[in-house]
Amino acid sequence: MSTSWKQELAGRMDAAWADEIDLFEGQIGLRRQGKLEDRIFAETRLRRGVYGQRYDNGKRADGIAVRALPYEAKPTKGPDTLWDAPGMQRIKIPYGGVSSEQLEVLAALSEEYSDSILHITTRQDVQLHFVHIEDTPDLMRRLAAVGITTREACGNSVRNVTACPLAGVCKTEAFDVSPYASALMHFLLGHPDVQDFGRKFKPAFSGCEHEACGLVQMHDAGFVSRVVDGVRGFKVVVGGGLGTVPHQAEVLSEFTPVEEFLPQIQAVARVFARLGEKRNRGRARIKFLVAKLGIEEFRRLVAEERKTIPYDSRWTDFLDDLPRTGGEAPRPAQALDAGNLPEGFPAWCASNVMAQRQEGYAVATVNLPLGDLTADQARALADIARRFVGENLRTTVEQNIVLRFVSESDLPALYQALRRVGLAAPGAGTIVDITTCPGTDTCKLGIASSRGLAAQLRKRLGEKSAALPEAITGLKIKISGCFNSCGQHHLADIGFYGNSRKIDKRTAPHFQVILGGQWTHNAGSYGLAMGSVPSKAIPEAVDALTEAYAQGREKSESFQDWTRRMGKRNVREIIKPFMAVPRYDEDPSFYVDWSDARDFTVGDLGVGECAGEVVSLFGIEVVKAESQAFDAQVALEEGEPDAAEDLAYRAMLSAARALVRTEFIDVTEEPADIVKEFKARFFDTERFFDKYAGGKFGQYLLARHTEPPARVDGGEASRRVEESLLFIEAAHSCEARISAAVAPAA
Amino acid sequence: MTPQRIAVKFFVSPDPGAAVDVEPFIGVFHRFIQQGALEGLLLDVADYAHVPEGPGVLLVGHDVDYAIDQTAGRTGLLTTRKRFGDLPLSEVVRDLLRKSLIAIQAIEQDEKANLRFATDVVTIQYLDRLATPNTADGFEAARRDIAPVFEKLFDGGCELSRAHGDDPRKPLSVSVTAKEVVAADALLQKLGGPAARTVARAPVQTDWDIEVDDLKALRDGGSDFVLVDVRETGEYETCNLGGQLIPLSSLPARIGELDSGAHVVVHCRTGARSSRAVKLLREAGFENAWNLRGGILAWIDRIDPTLTRY
């Protein structure tokens with residue numbers, strides 16, 4: 001009998017994967033002995049998907065005060081990250097494809113190393129929380145034995161390759177992208193050309209342009225399948241992304257034949273590695289490089305690079321025998337017998353079932369609350385999948401799991417089997433199927449409880465969903481715990497991201513309301529910020545918004561069109577009554593977050609570890625400037641030059657203040673004070689000066705502050721907005737130069 | 001062989017199958033952390049109330065997790081030991097039962113929790129597919145290991161049976177049923193070790209409590225602060241921490257002796273008088289005045305047992 005998983009699974013793991021895990025185990029040992037530097041170890045473990053979790057700096061607010069968590073003194077597992085503090089393990093599931101056997105292993109792992117919960121992420125990954133680092137090598141071995149790797153699940157590398165969960169069964173796709181997603185994943189995994197990025201790189205595949213499923217427009221690289229003259233290929237886009245500054249991807253190539261798509265992305269990777277920003281993490285995603293160079297220049301560089309790459313047979317080898325990405329349908333296709341259907345079936349069928357391209361087969365969605373399922377449910381789902389669909393399971397970016405190739409005649413039996421284990425919740429893809437990031441539950445950067453709010457909204461909307469008009473049930477809600485958009489709030493009809501507001505020395509959790517984002521057309525446009533509402537008033541604000549829409553919409557007007565027609569100001573009026581926060585002695589519940597019992601604080605906010613990222617004070621504060629500049633652009637578009645000009649000025653002030661605050665924390669919010677401090681500290685000392693442009697960018701703020709325009713027209717406002725964007729950019733560079741100068745030599 | 005993890009579950013009484021709203025446990029468990037109501041390092045609370053038949057609300061600890069678990073539709077307290085070094089398994093099980101019963105007592109004493117537990121049925125889960133697979137042999141080995149623990153615990157005898165069936169994917173589980181009902185108190189006495197309330201830290205006394213560990217850190221770190229002792233002179237002579245003696249009764253008259261801008265820590269014997277003193281000081285504009293929770297007794301218990309206890 002084996003006494004270790006390493007021994008037990010020897011020969012059942014890919015040899016290279018097994019070696020890598022052994023190496024990682026060795027590195028854990030070295031770090032424990034203090035023989036490996038903490039920053040290096042941190043990046044090492046991140047590249048294996050071993051992430052930090054909230055409070056792992058050993059500090060936690062318990063509702064009364066911030067207390068030290070008395071862990072044993074051991075070497076840290078990264079800067080300010082305590083060894084014994086539990087962490088999160090991210091597990092990559094390429095294109096969301098997961099088998100019954102894999103689900104069973106994931107279930108076992110969650111029981112033995114985590115909290116018996118599998119969490120599906122917005123990028124089709126699986127996450128386990130509260131994992132101890134010393135358990136991770138065995139956890140990885142057990143995954144490797146069923147063909148799953150956690151390599152590059154975090155860190156500055158190629159993250160999970162996502163794809164439309166309907167790939168292969170969708171009626172409108174050009175062809176099934178799954179085998180190509182799989183090929184890309186295997187080609188780039190551990191590839192030398194993807195090891196030197198300044199930041200993470202997320203690829204996505206979609207089978208059709210107008211649908212949502214692949215969300216390629218918000219990805220670092222996106223591939224949309226196309227067939228031209230009988231030849232398979234992809235439209236390739238680059239430089240999309242959400243985050244604090246959302247970008248839509250730009251078209252790198254209208255058509256790249258499948259023979260050419262791997263070398264092309266390799267060329268993209270090499271250009272990004274060579275020219276992408278490395279020092280300033282806030283500017284390091286490829287979207288900033290594409291924006292800086294312009295897509296034409298970027299395209300030219302990629303084409304040049306392509307010529308220099310030595311031939312690699314793997315570019316086309318996979319085409320001879322495409323990777324297997326789904327099993328055979330075990331049941332013959334047969335039409336549904338409409339008689340004698342179980343109770344609840346029609347509602348479930350209406351929202352959770354979709355006909356496939358293959359006649360007689362359907363896709364059934366398991367609507368998971370907040371993306372969570374228990375180990376018992378996962379095992380039951382594995383059995384159900386074996387019985388009805390073979391290996392045809394996929395995780396989705398809406399944090400659900402779909403079963404593909406369900407014979408339509410089996411749908412009632414499938415429904416009953418799912419219902420027995422609590423997996424038959426209706427409403428998939430509707431307003432109750434809320435997407436959310438982990439937020440304050442486990443993320444170090446979370447500001448407000450996104451999951452708590454999602455659970456609350458799901459409960460409330462679920463109770464009355466039967467009575468809601470279809471216009472409302474069809475809306476999408478997405479929530480992020482902070483401005484970092486992991487909950488994809490920009491893409492929802494109604495999106496939220498967490499922030500906080502101070503009221504009389506106390507802090508109340510809030511959410512910024514983002515309305516009118518577009519989910520279809522692969523996330524074709526982003527929503528607009530409408531203002532912050534206290535967390536506890538969000539459910540009422542949602543009711544008010546949805547009711548106003550249901551009553552005020554014209555014919556089949558979409559929510560997005562409705563918000564546009566109403567205009568930002570009128571929509572804001574709807575949520576305005578919910579923006580007020582009662583005093584603490586009037587209603588203390590406003591100062592406690594959802595799913596929590598402690599008085600709210602942001603005092604124990606950790607330092608982010610996303611890709612080893614360190615979010616500085618400047619990083620947090622400059623966000624305000626960026627969102628003001630964003631609002632300024634909106635105002636400009638809406639024909640409000642005065643507002644745009646003023647917002648642009650305020651954006652510059654916020655960026656200047658963020659810089660000043662890195663040295664002088666107590667600077668007030670008075671424009672005069674900010675400008676005075678900025679001028680003395682950064683302008684007169686020439687620290688703000690650009691190597692080429694000199695004091696030009698700094699002068700934008702000083703000039704506008706000294707001489708406000710008497711009258712603002714469109715041109716003036718437009719210039720000011722442009723200036724504010726350049727000023728913010730210069731503030732980022734200035735901060736990067738200064739922090740590079742004070743950082744210890746690596 | 002020792003498993004990766006081991007868990008025990010006691011069920012709620014009278015009907016584990018009845019619907020239970022677990023949401024109040026978010027508050028209950030946060031309070032347990034604030035009060036240090038359970039042994040060991042407690043980290044955080046996770047809310048899984050949205051998952052059907054899941055872990056409900058989870059109190060995450062460093063060594064032990066506590067969940068108001070609703071697996072298979074049966075609500076109970078699931079206590080999971082996550083690491084236990086080289087202790088023999090029987091010791092681990094005894095300790096886990098003790099921790100679980102202490103938590104049950106704490107929950108039963110909490111008005112907001114409003115749950116009662118039966119202590120005559122308990123399930124033990126071995127969470128390790130390699131060391132303790134869910135097989136007939138695995139069950140026999142487990143029975144040999146832990147039967148003596150339960151026979152000693154339940155005077156009237158007990159029965160051990162295999163729970164959760166023989167699905168090899170599921171953890172090996174043993175169900176223990178006592179022939180006679182024994183109360184949690186009596187079980188705890190048999191298990192030995194410190195009991196719930198003496199281990200627990202004193203309850204919160206003011207909004208401005210600090211722990212004796214915090215005071216120790218202040219002293220060790222050479223911080224600039226004033227320690228005020230509001231007991232009577234005779235008590236001070238019995239034992240003291242070297243604080244400035246201002247009996248509570250004379251504090252209003254002597255408040256001027258203290259600098260309202262200073263960092264002040266106040267203590268008495270148990271924390272009761274110092275709570276009032278801190279409130280007085282706060283009202284008088286002392287923004288940095290703190291109460292030593294549990295008073296000098298807590299200090300003696302946890303920091304310096306050489307002082308005279310009275």
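## Nonpolar cores

A nonpolar core is a set of buried Ala, Val, Leu, Ile, Met, Phe, Trp, Tyr and Cys residues joined through C-beta atoms within 7 Å; a residue is buried if 20 or more other C-beta atoms, placed from the backbone, lie within 10 Å of its own. In this predicted model, local features need pLDDT of at least 70 and side-chain atom pairs count only at pLDDT 80 or more, while totals for chains, interfaces and linings use all residues. Residues are numbered from 1 along each chain as its sequence is written, and chains are lettered from A in the order in which they are written.

The largest nonpolar core holds 276 residues, among which Ala655(A) and Val57(B) touch the most other members. Helix α20 of chain A (residues 641–661) supplies the largest share, 12 residues; helices (H or I, at least four residues) and strands (E, at least two) are DSSP runs numbered from the N terminus. A separate second core, of 22 residues, includes Val212(B) and Ile296(B).

Beyond its neighbours within four places in sequence, Val57(B) is in contact (C-beta atoms within 7 Å) with residues including Val22(B), Phe29(B), Tyr48(B) and Ile68(B).

## A sheet in chain A

Five strands of chain A form an open sheet of mixed pairing, in the order β18-β19-β20-β21-β22; two strands pair if DSSP finds at least two bridges between them. Strands β20 (494–503) and β21 (506–515) of chain A are antiparallel over 10 bridges, and Gly495(A) has Ile514(A) as its bridge partner in β21(A).

Helix α18 of chain A (residues 559–575) packs on the sheet, touching β21 and β22 of chain A.

Notes: Buried ≥ 20, exposed ≤ 12 C-beta atoms within 10 Å, placed from the backbone. Contact = placed C-beta atoms within 7 Å. Axes fitted to C-alpha atoms, helices over the stretch in contact; angles between N-to-C directions.
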